[in-house]
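Here is a friendly walk through one protein chain, written to be read beside the structure itself.

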Amino acid sequence: MNKIKIVIVDDHLLFSQSLSFLINSFKEFVVCGNYNNGKDFLTGLKAMDELPDLVLLDVNMPVMDGVETMRRLKEDYPGLRVLALSVNDDEDTIIKMISNGASGYLLKDTHPNMFREALLKVHETGYFYTEMVSGVLINKLEAGNKASLKERELEFIRLACTEMTYREIADEMCLSPKTVDGYRENLFQKLEIKTRIGLVLYAMKNKIVCI
């Protein structure tokens with residue numbers, strides 16, 4: 001069986017080595033490269049004869065962090081599947097990584113069994129989202145009806161899937177921040193979601209945006 005090739009991009013040597021050991025213990029996977037930061041990884045990608053099947057990307061790194069690395073990958077390697085790793089569950093960071101094309105987002109204290117499941121899911125389906133990331137169970141994303149959304153609501157959703165703040169969205173839509181807050185709360189209730197992350201995932205699931 002051909003093993004799924006994985007590259008790790010993380011500046012913490014001990015963690016990177018431990019993660020390599022864990023991944024290599026899974027029969028389906030093999031680690032084929034380790035890089036200390038996004039810049040080194042992007043340089044290494046250009047020299048590769050064959051791209052890895054999956055990249056594990058740390059969010060917080062010196063020289064070039066995970067967010068900037070994802071921006072570059074989205075432009076130059078849009079088909080590359082990337083699973084973000086972090087000790088941080090900050091909502092804005094998760095949105096930035098997903099909006100820039102990350103296939104999933106895991107905390108570094110994830111149980112090995114869930115970690116293996118995430119690797120398999122990303123490889124097989126192109127995405128893996130925990131409840132922590134989605135803010136709601138994946139089946140909740142089936143709720144709601146795209147056809148019932150008004151054009152201004154769709155516009156708000158598309159803008160919410162960017163890195164813009166709610167105040168910037170208000171300016172873009174020529175609305176007051178209070179009105180935009182109303183759009184957000186109404187959509188959260190209508191679509192049965194609880195967070196902006198859930199809104200992003202709903203938009204992706206229903207092809208309102210293509211990330």
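## Charged pairs

Lys-5 is partly exposed, with 23% of relative accessible area. Keep in mind from the start that this is a predicted model. The side chain of Lys-5 meets that of Glu-50 in a salt bridge, at 3.6 Å from N to O. The two partners come from distant parts of the chain, 45 residues apart: Lys-5 sits in strand 1 (residues 4–9), and Glu-50 in the loop between helix 2 (38–47) and strand 3 (54–58). On the Glu-50 side the pair is exposed, since the relative accessible area of Glu-50 is 54% and the exposed class begins over 50%.

How many salt bridges does a search of the whole structure find? The search gives 13. Three of them are set side by side here.

| Glu-50 | Lys-5 | 3.6 Å |

Glu-153 is buried, at 8% relative accessible area, whereas Lys-190 is partly exposed, at 35%.

Glu-185 is partly exposed, at 41%.

Salt bridges with shared partners also join four residues, Glu-68, Arg-71, Arg-72 and Glu-163, into one network. Glu-68 lies in helix 3 (residues 66–76) and is partly exposed, at 25% relative accessibility. Its side chain makes a polar contact with the side chain of Arg-71, at 3.1 Å. Elsewhere along the chain, Asn-100 is 32 residues from Glu-68 in sequence, while their C-alpha atoms are 8.9 Å apart in space.

## Cysteines

How many disulfides does the model hold? The count comes to zero. Cys-174 is exposed, with a relative accessible area of 70%. Cys-32, by contrast, is partly exposed, at 44%.

## Backbone angles

Most residues other than glycine have a negative phi. Cys-174, although not a glycine, has a positive phi of about 60°, and this residue is found in the loop between helix 8 (166–172) and helix 9. Val-63 is another non-glycine residue with a positive phi, of about 70°. Val-63 lies in the loop between strand 3 and helix 3 and is exposed, with a relative accessible area of 66%. A further positive phi, near 60°, belongs to Lys-207, which follows helix 10.

Is helix 10 largely enclosed or largely open? Eight of the ten residues of helix 10 (residues 196–205) are buried, so this helix is largely enclosed by the rest of the structure. The buried residues are Arg-196, Ile-197, Gly-198, Leu-199, Val-200, Leu-201, Tyr-202 and Ala-203.

## The second largest pocket

Rolling a probe the size of a water molecule over the atoms shows where empty space is left. The second largest pocket has a volume of about 150 Å³. Its lining is made up of Phe-15, Ser-18, Leu-19, Leu-22, Leu-85, Leu-107, Lys-108, Thr-110, His-111, Pro-112 and Phe-115. Helix 1 (13–25) and helix 5 (112–125) are the elements that give two or more residues to this lining.

Which element gives the largest share of the lining of the second largest pocket? Helix 1 does, with four residues. Sorted by class, the lining has seven nonpolar, three polar and one charged residues.

How values were computed:
Residues numbered from 1 in each chain as written. Predicted model: local features only at pLDDT ≥ 70, side-chain atom pairs only at ≥ 80, totals over all residues. Heavy atoms only, no water. Disulfide = S-S within 2.5 Å. Buried < 20%, exposed > 50% of the residue type's maximum accessible area, 1.4 Å probe, protein only. 1 Å grid on protein atoms, 1.4 Å probe; cavity = no way out; pocket = protein on both sides within 12 Å on 5 of 7 lines; lining within 4 Å. Points joined across faces, edges and corners; volume = space filled by probe spheres on them. Nonpolar A, V, L, I, M, F, W, Y, C, P; charged D, E, K, R; others polar. Polar contact = N/O pair within 3.5 Å; in protein donor to acceptor, adjacent residues only side chain to side chain.
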